[in-house]
Amino acid sequence: MNQTASVWLVLMLALLMANMPFISNRLFAVYALNSPKNLAVRLAELLVWYLLVGGVGLYLEQRNGQIAPQGWEFYAITGTLFLTFAFPGFTYRYLFKHRS
């Protein structure tokens, strides 16, 4: 896989995984819970998805060459980008009125 395809793969994976806590009522889209997830559980799940997508990105970067050293700025920017990607799922879950 070339570098361009790796970047697009990580971006698409981040877009999907950022919305997963808000779309699915299951924990990590696998475990069924007895009660509905609250916002704190969804945000914790969002953090775990962020770390997993970051791990995939790190693996792909290592496969393509040397890993570039990153400072706090990198993590601040990728974290806010991940939160921006999560906005459609958050909007769907908390801002739209659902019919019962």
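## Aromatic pairs

F90 is partly exposed, at 29% relative accessibility. The model is a predicted one. It holds 6 aromatic pairs. F22 and F90 make one of them, in an edge-to-face arrangement. Their ring centres are 5.9 Å apart, with 90° between the planes. F22 belongs to helix 1 (residues 3-23) and F90 to helix 4 (residues 87-95), so this pair ties together parts that are 68 residues apart in sequence. F22 is buried, with a relative accessible area of 2%.

F28 and W49 form another edge-to-face pair, because their planes meet at 75° with the ring centres 5.9 Å apart. Here F28 comes from the loop between helix 1 and helix 2, while W49 sits in helix 2, so the pair ties together parts that are 21 residues apart in sequence. F28 is partly exposed, with a relative accessible area of 27%. W49 is buried, at 13% relative accessibility. There is also an aromatic cluster, made of F22, F90 and Y94.

## Helix 1

Helix 1 has 21 residues. From first C-alpha to last, helix 1 reaches 30 Å, close to the 30 Å expected at 1.5 Å a residue.

Which residues of helix 1 are buried? They are S6, A14, M17, A18, N19, M20, P21 and F22. The buried residues of helix 1 pack against helix 2, helix 3 (72-85) and helix 4.

## Helix 2

Helix 2 has 26 residues and spans 37 Å from its first C-alpha to its last. That is close to the 38 Å expected at 1.5 Å a residue. G65 follows helix 2 and has a positive phi, near 160°.

The buried residues here are R42, E45, L46, W49, Y50, V53, G57 and L60. Helix 1, helix 3 and helix 4 are the elements that the buried residues of helix 2 pack against.

## Nonpolar core

The largest nonpolar core has 12 residues in all. Its members are A14, M17, A18, M20, F22, L46, W49, Y50, V53, F82, F85 and A86. Helix 1, helix 2 and helix 3 each give two or more residues to this core. Helix 1 gives the most, with 5 residues.

W49 is one of the core residues. Not counting residues up to four places away in sequence, W49 touches M17, M20, P21, F28 and F82.

## Charged residues

Side chains of opposite charge can pair when their charged atoms come close. The structure holds 1 salt bridge. K37 forms this bridge with E45, and their closest N and O atoms are 2.6 Å apart. Both ends are buried: K37 has 6% relative accessibility, and E45 has 1%.

R42 sits in helix 2 (residues 39-64). Is R42 buried or exposed? R42 is buried, yet has no salt bridge.

Leaving out residues up to four places away in sequence, R42 touches P21, F22, S24, N25, K37, R93 and Y94. F22 and Y94 are both in the aromatic cluster with F90. P21 and F22 are among the buried residues of helix 1.

## Y75

Y75 lies in helix 3. At 47% relative accessibility, Y75 is partly exposed. With neighbours within four places in sequence left aside, Y75 is in contact with Y50 and Q70.

How far apart in space are Y75 and F22? Their C-alpha atoms are 22 Å apart, and the two residues are 53 residues apart in sequence.

Methods. Residues numbered from 1 in each chain as written. Predicted model: local features only at pLDDT ≥ 70, side-chain atom pairs only at ≥ 80, totals over all residues. Heavy atoms only, no water. Helix = DSSP H or I, 4+ residues; strand = E, 2+ residues; numbered from the N terminus. Buried < 20%, exposed > 50% of the residue type's maximum accessible area, 1.4 Å probe, protein only. Lys, Arg positive; Asp, Glu negative; His and termini not counted. Salt bridge = Lys/Arg side-chain N within 4 Å of Asp/Glu carboxyl O. Contact = heavy atoms within 4.5 Å. Phe/Tyr/Trp six-rings, centres within 6.5 Å; stacked < 30°, edge-to-face > 60°. Expected span 1.5 Å × (residues − 1). Core = buried A, V, L, I, M, F, W, Y, C linked by side-chain atoms within 4.5 Å.
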